[in-house]
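Student: Could we go through this model together, beginning with the sheet and then turning to the helices?

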Amino acid sequence: MPGEPVPWDDSQRPRPVTTAFEVSGAELVELIIRHRRRIRLILFASYSCTTVAAGAIVTAAYQFRAGMGAGGAAAAGGLALGTAALLAWLRCPTVRATGARLDRELRLDDRVAAALEARDGHEPVAPLIVRDALLRLRGIKPAHVFPMKLGRPAALAAASFVCAALLSAIAVPPGPDRASAARGGGVSSATATGARSSAAGPLRGRSSDSNGERGVPGSAQVAAPSAAAGQQAAPAGGQPGTTATRAPGAQRGSTADSSQSPGGTTAGGASSGDGRRSTNSQSTADASGAGAAARGTASGATRATGAARGAAGRSGETVGGTAVGAGGVQGEALRSNAEVARTRAGGGRSSVTARADAAWTGAAAAVSSDDVPPRRRAYVRDYFIAIRRPEQK
Amino acid sequence: MTPSPAEIEAQAATFRECFGHLKAEIGRAFVGQQTLVDHLLLCFFCQGHALIEGPPGLGKTLLVRTLADALSLDFSRIQCTPDLMPADVTGTNVLGEGPGGVRQFSFQRGPIFANIVLADELNRATPRTQSAFLEAMQERHVTVFGVTHPLAEPFSVFATQNPIEMEGTYPLPEAQLDRFFFKLLVHTPSVDELAEILTRTTGVESVRPVSRYGAATVRAMADLIKQVKVAEPAMRLVLRLIQATHPDSTDAPPVVKKYVRYGASPRAAQAMTLAAKGLALLAGRYHVASDDVRQVALPALNHRIILGFQAEMEQVSRESVVRGVLEAVSEHEPC
């Protein structure tokens, strides 16, 4: 070519920059995998915050309702961590995606992505690209590139734990009667007032029992049958033929079995709430379950009295107590259905009988308590005498 | 023969050195406009053709001539006028006397047979003459009377056009515009640059570029540029940019949907990729980064987008549309 003073030849070339180390695609992948592990760890931590927080909330709610032992809590925690690990495993980016993220984080101008593509190819520039990427990645610690920042998930977890702690603080230690009461009484969130009362009422009574205080707990024990009476045997309280209009949950029930209602009149809430006629065992179950609900309204002898008033069908006297009792009755109706099913299946009769006996014993103790005014004591005593089972007569 | 990595490294170092040398030499004669010079050199090393647009008197011809001088390459200038014929460009067969007095036709080469061809005011040539450039630019050979004549290597056409005087011009058809690797805009110099121009051009001293590299170097550099790797992120960015220039595409930004009639062709993608490869080598990399693609998108796209009536009515420029596309297309694909 004319006018070309220095042609392209070897003497013109600058000294080649020799590679001072072995270029290895495997080393590159290994370096990226380290960062990938870091990303997975961050994902696991992030997901753990979320899942453990959710688990804590659920566990606390369950603890609040029915009680849960340490084993259950540990199982919930394990499940949450397992879920987080699974999510972190599934959502962890691929090696190539990790390379792209490294390019972004370290502003490497797509060096790593290009090197990952080039390492498998046979281009003459492939070793140079891989070497370039290795030079940039060597000595970089994954923790520096991907620091553990868990701002939002950690805040969520902390808030959840606070909520869970609050729930646990007001929850009852687990016990068989409370668990069964909660199963029966507080299922429906719509009847939150009733459910909470049914849970909170027994708490006081039962804890008093465990503390050996007979006066106050006795009232709670009384409240159970008396509330049951409020639903089932209103006529026995002396107002035969009336309907318990203040207890809407109870009113939804059908007419009580006449064999269980000596007055032979209409009573609300004793039935299961689904319109079926109550059987003997059903009524008994309803009585105890409704008593559990009524316990929420009964705190001490006064509450027992209020419940007893409800039992007598004089619902106009204690509006609040009746309303709460109504909520409890709704929940009890659910429980009654379950127990009816169990009873029909042949199982659970003994437990129902045992609960009725326990309620009876408690009622008798309450009646004998000095805290109850004599007039009301006589009233409740008459009521229990009226509703006692044939074998108790 | 496949070069070894060490050879590639050496060639890359030479490329950077050559590029810097050319830039310095051109800078001695041509004042300012660094981006224009960079793009022109990049276009030349990628063996593309450039359309240089600017008002008269800004040094377009000087720029191209200085490039040819700095590389000691064959340079020819074609002043395009309406009476310019295709044979004036490509050459023709002339009857001559051969050995022994035998009369025979021999091919007389036209000015297109040079390493660097400056087609001054190309839009003043008739469409017939303009089309004479088409085969040369794309196929790198010309066919005269059924005989194909290959052009010299390296070969680049640098055409200029004046955006002001449109009287008596023949606007370049889209097919020809698409054959230009870059469209480069020459801007009016600043006051300081004007002062420097006056100092250099009105004195006694005349600047003569020093030539250190030649055609072989340019050919080797063009081959080296093709060796550069384009990784998937950069390639996808190129494709998304091209796709975004089409108004019927779902990825098109509102500015494209409103103002663009036809989007960029696949040649635009080729031009962007090749130019990005050159930029990567200049940056000391052997792979294309997304940033390289963004840097060359404007000169590669702004003559390949055909604006609609709405854009003409609102006086929207192609540059603003391309910038809108660049802003709309994110660097990394959405996950």
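This is a predicted model: local features need pLDDT of at least 70, side-chain atom pairs count only at pLDDT 80 or more; totals for chains, interfaces and linings use all residues.

Student: What is the strand order of the open sheet in chain B?

Tutor: The order is β2-β5-β8-β1-β9, which makes 5 strands with parallel pairing. β2 (75–79) and β9 (182–185) of chain B are the edge strands, each pairing on one side only. Neighbouring strands are turned by 20 degrees against each other on average, direction ignored.

Student: How many bridges join β5 of chain B to β8(B)?

Tutor: There are 4 bridges between β5 (residues 116–120) and β8(B), and the two strands run parallel. V117(B) has V157(B) as its bridge partner in β8(B).

Student: And which residue of β8(B) is the bridge partner of I52(B)?

Tutor: That partner is T160(B). Strand β1 (residues 50–53) of chain B pairs with β8 (residues 156–161) of chain B in the parallel sense, over 4 bridges. A50(B) stands opposite F158(B).

Student: How many residues of β8(B) are buried?

Tutor: 6 of its 6 residues are buried (20 or more other C-beta atoms within 10 Å; 12 or fewer is exposed, in between partly exposed; C-beta atoms are placed from the backbone). S156(B), F158(B) and T160(B) point one way, V157(B), A159(B) and Q161(B) the other way.

Student: Which strands does helix α2 of chain B lie across?

Tutor: Helix α2 (residues 34–45) of chain B lies across β1, β8 and β9 of chain B, and runs at about 160 degrees to β9(B). Helices are DSSP H or I runs of at least four residues, and angles, from 0 to 180 degrees, are taken between N-to-C directions of axes fitted to C-alpha atoms.

Student: Which residues of α3(A) and α4(A) make the contact?

Tutor: V95(A), R96(A), G99(A), A100(A), L102(A) and D103(A) of α3(A) meet R111(A), V112(A), A113(A) and L116(A) of α4(A); contact requires C-beta atoms, placed from the backbone, within 7 Å.

Student: Is α5(A) largely enclosed or open, and why?

Tutor: Helix α5(A) is largely enclosed by the rest of the structure, because 10 of its 12 residues are buried. Among them are A126(A), P127(A), R131(A) and D132(A). G139(A), which follows α5(A), has a positive phi near 80 degrees.

Student: Is L79(A) buried or partly exposed?

Tutor: L79(A) is partly exposed, because 15 other C-beta atoms lie within 10 Å. L79(A) lies in helix α2 (residues 70–91) of chain A. G55(A), 24 residues away in sequence, is 8.2 Å from L79(A), C-alpha to C-alpha.

Student: Last one: where is G96(B)?

Tutor: G96(B) is in strand β3 (residues 91–97) of chain B. G96(B) counts as exposed, with 11 C-beta neighbours inside 10 Å. Not counting residues up to four places away in sequence, G96(B) touches Q104(B) and S106(B).

Methods: Residues are numbered from 1 along each chain as its sequence is written. Chains are lettered from A and ligands numbered from 1 in the order in which they are written. Two residues are in contact if their C-beta atoms, placed from the backbone, lie within 7 Å. Two strands pair if DSSP finds at least two bridges between them.
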